[in-house]
Amino acid sequence: TVSVLYWEYTITMATPRMSNLMDYVRDTERSVGRSLRRAYESSDDEYQPHSSKLRKYAKNNTYRSSKRRRRERESITENRVLGDASLKEELRPHRVAMSQWYIDQAVGNDPRVGSIEKLFGYMRDMGYDGCEITAECFQKKYFYGTSLEDTARKVREVADQYGMKIFGSLYHSLEWQWKDEVAYVDYIKEQMAADKILGSEYATYQIFLSDEHVGCGSDYTDDDAYMAECTRRIEFLKRMTHEAGMNFYVETHVDRITQDPRAVCRFLDETDFEMNGDLAHYITLGIRGGKSLDRVLSTINHLHVRMARMFGDISVGPEDPEQDWDDRGVTWGHFAYAIPAMRGGLSSRVLVEETGPLHTVDDAIAAGAKLIPLLRAMAKWCDNEARGHPNPSLVSPSDLRPFAKTEKPVLTQ
């Protein structure tokens, strides 16, 4: 209707002033809106025979408008400091979370994670504050055949019973998904909507390298067109995530667009974003210095924590973490490596334990539980950073003792 009236007005008036024309269009829009509302609210015969169609259109239009208004209220333009909103930002404590890798890779009916109740009970008993697990992951493991939304509501109910939180979501952004961006947007939006029901406040992305660039080291940084496309994808995902009201992070990871710190710096030259540091990947590659790494570490505001050996295993489960710390092993090395990333605290206020079932790690769930004291010490370090309190110099292992002897058993399968 507005379009037809617009052209009638343009033809009738020779060269109308644009301001008058826009006033006319706005008046027409308001008039049409009033008619729609009257048709929707009325059952009088004067609106027949079109009143039913108009009421249906008006109802749908009102629904779309309310959804749009809700999105606008929830949307953000940059990452926030997450956590307990009743506290000042600097006082919001850092939390320790279980990763979804554990239930993804759990073998058979593992008694620790065999049901949703067992999973959250195990988290509570081991000392986690919550987890970073998506509704889709819960659905595949525990609620196959249930819709994502219903899955999220059921999981949230059980999590609340055990006092556990679902802090955020990890998404894999695969090369083939970008072949159909419309379908990909629909998929991500559906995931985020369900994950927000869980309580998720952030999304961290692993953005995969294209097949032609996987396994080729830093060669992808010489492909200017591809680097520009990667930047566009970061901006695209960031905008979509912020519109959903969630913090946005890009994870450091081999075989992803972030495997080379120089590439990350080029992305940062073009667009602003925060990183999720899965620093084990850089440790195994032997990347331990340089201005590019320094810049990447300065942008990290979320952490995935797992032990790794330089030029060796990317997932290590020390049998005796306390002795490993005293020997300046992988626990000591990871903590020291992460100190620049922890400066000022993390905007996510979450550190995720992510020991994986790789190499010599047979029971990742138990191995991860042994490292919770290390993550607690890192969380305390971040708290001090956020509050401006001094941290120890960490010159020797005796400067900080994250592993205290405990009689709490670490449950094994």
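pLDDT is the predictor's confidence in each residue, from 0 to 100. You'll want that here, as this is a predicted model, where local features need pLDDT of at least 70 and side-chain atom pairs count only at 80 or more, while totals for chains, interfaces and linings use all residues. Residues are numbered from 1 along each chain as its sequence is written, and side-chain values use heavy atoms, without hydrogens and water.

Start by selecting residues 31–67: pLDDT stays under 50 there, and the model has 17 contacts for them beyond four places in sequence (contact means heavy atoms within 4.5 Å). Residues 1–22 are also under 50, with 12 such contacts. Across the protein, pLDDT averages 85, and 79% of the residues score at least 70.

Next, pick Leu-119, Phe-120, Phe-138, Leu-303 and Phe-335. Of the 100 residues in the largest nonpolar core, these touch the most other members. Such a core is a set of buried Ala, Val, Leu, Ile, Met, Phe, Trp, Tyr and Cys residues joined through side-chain atoms within 4.5 Å, and buried means under 20% relative accessible area (1.4 Å probe, protein chains only). Now show helix 16 (residues 372–387), which gives this core its largest share, 8 residues; helices are DSSP runs (H or I, at least four residues), numbered from the N terminus.

Zoom in on Leu-119. Beyond its neighbours within four places in sequence, Leu-119 contacts Met-98, Ile-103, Arg-112, Val-113, Ile-133, Phe-138 and Tyr-142. For a second, separate core of 7 residues, select members including Leu-82, Ala-97, Phe-167 and Tyr-249.

Note on methods: Buried < 20%, exposed > 50% of the residue type's maximum accessible area, 1.4 Å probe, protein only. Helix = DSSP H or I, 4+ residues; strand = E, 2+ residues; numbered from the N terminus.
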